[in-house]
Amino acid sequence: MSCKLELVRLKLPTRVSLPKTFLFASLFFCVQQLEHTDFLFSLLYFAFVLLAVVAFNIAEGFSRISGAYIFWYATLIVMFGVTWKALLGEPADSNLFTPVLDMSLYTASMFMLVLVTMLNKKIDFRAMGVASGFTFTNLNYTGAGLGCLVVWLGINYADMIFGQAPGSLVSALVQVNVFGPLGLILVTIGAINDSGGRRTTSVVSILAFLYFFYLGLLSFSKQAMLTPMVCWLVGAFYSRLKVRVIHVVMMFLMVAASFLAISPLSASRDLAEGLDDTQRLELIGHLLTHYSELEAHVRALQENAESNGVGEWYNQPQSSLVERLSMFPVDDELIAFSAKGHYEGMGPIYQYFGNLLPHFINPNKGGIYGGNYYSHEMGYGLSESDTSTGISFSPVGEAFHCEGWGGIFWLMPGIWILLFSTVDFVVGDVMKYPWGLMVVVWFGHLVPEQLLGGMIYFLGFGNFGMTLAIILVTRIAPILGALFMGKAASPPARRPAPVRQAVASAQGPAGMRMFS
């Protein structure tokens with residue numbers, strides 16, 4: 001008897017079963033009540049989950065950028081953290097200042113997201129947008145991916161050599177340089193397609209993944225170290241990879257590395273200040289081979305944060321990765337501060353839109369508003385002289401901080417409809433055009449923790465970057481890839497299926513049939 005290794009074929013979902021979601025949410029509601037979560041909080045969370053699935057289904061899932069946005073919005077702002085609290089046996093509303101207000105804002109925002117999604121579907125621009133004007137029949141994904149990586153490296157080296165003078169070409173290219181992660185996705189698709197699904201990596205993709213991970217290690221950046229893994233997964237889903245045991249093992253190793261190595265290393269970046277690249281690599285080697293020292297340093301950082309007034313949502317400290325995968329606790333502090341009458345008004349929104357203008361129109365680009373500024377307002381544990389540390393909040397937290405409930409009912413919906421309609425116009429159907437996968441990856445970071453400014457930034461620079469990416473993938477990157485590879489990679493040749501003349505029958509005319 002042979003052992004069947006093939007488990008399932010990956011596929012980006014386009015809808016989620018509402019009846020099954022209702023059953024899951026009902027059981028989860030009961031679990032929360034057994035854990036003594038506030039009844040109203042549990043009821044609001046129940047509604048949030050159902051509304052999230054309704055919005056996702058209306059958006060047609062990952063076939064549209066709005067569906068990808070809804071997935072990341074629901075998962076990384078609220079659902080992951082609440083689910084993790086339930087797994088720990090902790091009440092979801094514990095260790096929060098205004099839990100019911102927080103959940104009310106999230107649920108109301110999801111209701112508005114349902115309405116925006118319905119409106120966006122009525123004004124579908126995908127068929128008439130930028131993507132529809134570019135064809136990519138028989139695209140050599142490996143060559144195109146390599147070309148994207150070459151352009152990404154070229155822009156990075158131009159930045160190192162020439163710097164980013166305000167308003168310069170290099171500065172503009174650096175801001176829209178999404179070509180590296182897009183290249184990782186394309187070479188993954190190419191490896192799967194070229195091998196007929198037998199392999200998920202190639203020499204080009206392995207070298208690219210290792211280089212990205214190396215840069216992430218040097219910078220102690222969790223996002224940079226996780227990017228190769230996320231791009232590999234997205235490429236595998238797009239190619240509808242048939243999962244085998246080796247792929248399950250790879251995914252398990254990725255998860256283990258994320259929690260055991262990447263998360264604590266990224267939290268320890270303070271140890272690398274002032275070190276050159278060689279010294280940083282030596283430090284990383286020392287920390288990983290003396291793991292108890294790494295754990296002790298991470299614990300000391302957590303204790304220091306608590307002593308400076310930064311609260312913990314979980315009863316016991318979790319890994320920095322787990323705490324990063326939910327915006328609930330950080331939003332809670334900003335929402336509680338705002339609810340006392342500390343509203344910012346429309347100043348941040350004017351600043352964000354003003355920053356979309358080029359330097360010759362707006363020479364004073366920048367401004368004071370952002371996570372760091374709000375943290376100083378709240379007394380979030382930053383020193384008075386620290387104006388550079390990035391502090392993340394979700395768009396819900398900032399919208400409420402700007403305009404109270406008005407930020408939820410009119411400010412965010414207005415920005416959403418602008419974002420969804422313009423990105424649909426530029427990117428097109430995600431299932432049809434591979435460059436849309438880059439936006440899916442980009443949104444995984446932008447949606448939960450880049451405030452309202454992240455969405456407004458994408459309205460300008462993100463859409464411009466994706467337009468350049470479309471031109472690059474369809475017109476320039478395949479040529480660059482072929483130059484560096486020597487020849488275009490092509491899928492293995494297949495023998496044409498024989499064609500036999502079918503014998504005419506009394507029931508109908510003779511025809512031609514294909515036999516494999």
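**Close-up 1. A patch of positive charge on the surface.** Arg-9, Lys-11, Arg-240 and Lys-242 come together on the surface as a patch of positive charge. A patch takes residues with over 30% relative accessible area and no salt bridge, and like charges are joined within 9 Å. Lys and Arg count as positive and Asp and Glu as negative, while His and the chain ends are not counted. Each charge is placed at NZ of Lys, CZ of Arg, CG of Asp or CD of Glu. The model you are looking at is predicted, so to speak of a local feature a pLDDT of at least 70 is needed, side-chain atom pairs count only at pLDDT 80 or more, and totals for chains, interfaces and linings use all residues. Residues are numbered from 1 along each chain as its sequence is written, and side-chain values use heavy atoms, with hydrogens and water left out.

Close-up 2. Arg-240 sits in the loop between helix H9 (222-238) and strand E2 (242-243). Helices (H or I, at least four residues) and strands (E, at least two) are DSSP runs, numbered from the N terminus. Arg-240 counts as partly exposed because its relative accessibility is 41%; buried means under 20% relative accessible area, exposed over 50%, and partly exposed in between (1.4 Å probe, protein chains only). Have a look at the backbone here too: phi of Arg-240 is near 55 degrees, a positive value in a residue other than glycine.

**Close-up 3. Leu-451, another residue with positive phi.** Leu-451 is not a glycine, yet its phi is positive, at about 55 degrees. You will find Leu-451 in helix H20 (residues 451-485). With 10% relative accessibility, Leu-451 counts as buried.

**Close-up 4. The salt bridge of Asp-424 and Arg-64.** The side chains of Asp-424 and Arg-64 meet in a salt bridge, 3.2 Å from N to O. This pair links distant parts of the chain, 360 residues apart: Asp-424 belongs to helix H18 (residues 405-427), and Arg-64 to the loop between helix H2 (39-58) and helix H3 (65-87). Asp-424 is buried, with a relative accessible area of 1%, and Arg-64 counts as buried at 1% relative accessibility. A salt bridge here is a side-chain nitrogen of Lys or Arg within 4 Å of a carboxyl oxygen of Asp or Glu, and by this rule the count comes to four.

Close-up 5. Glu-90 and Lys-85 join their side chains in a salt bridge of 3.0 Å, N to O. Lys-85 is buried, with a relative accessible area of 0%, and Glu-90 counts as buried at 6% relative accessibility. Turning to the other pair, Arg-324 forms a salt bridge with Glu-449, and their closest N and O atoms are 2.7 Å apart. Because Arg-324 lies in helix H13 (residues 320-324) and Glu-449 in helix H19 (residues 436-449), the pair ties together parts that are 125 residues apart in sequence. Arg-324 is partly exposed, with a relative accessible area of 34%, whereas Glu-449 counts as buried at 6% relative accessibility.

Close-up 6. Searching the whole structure finds 30 aromatic pairs. Among them, Phe-62 and Phe-71 form a tilted pair, 5.3 Å centre to centre with 55 degrees between the planes. The rings of Tyr-433 and Trp-435 have centres 5.1 Å apart and planes at 10 degrees, so this pair is stacked; both Tyr-433 and Trp-435 are buried. Rings of Phe, Tyr and Trp (its six-membered ring) pair if their centres lie within 6.5 Å, with planes under 30 degrees apart counting as stacked, over 60 as edge-to-face and the rest as tilted. One aromatic cluster is formed by Tyr-69, Tyr-73, Trp-416, Phe-420, Trp-442, Phe-443 and Phe-458.

**Close-up 7. A nonpolar surface patch.** Tyr-157, Met-160, Ile-161, Phe-162, Tyr-211, Tyr-214 and Leu-281 make a nonpolar surface patch of about 770 Å². For such a patch, nonpolar side chains (Val, Leu, Ile, Met, Phe, Trp, Tyr) are joined within 5 Å. Accessible areas come from the Shrake-Rupley method with a 1.4 Å probe, and for residues only the protein chains shown count as cover. Helix H5 (141-162) and helix H8 (203-219) each supply at least two residues of the nonpolar patch, and H5 gives the largest share, four residues.
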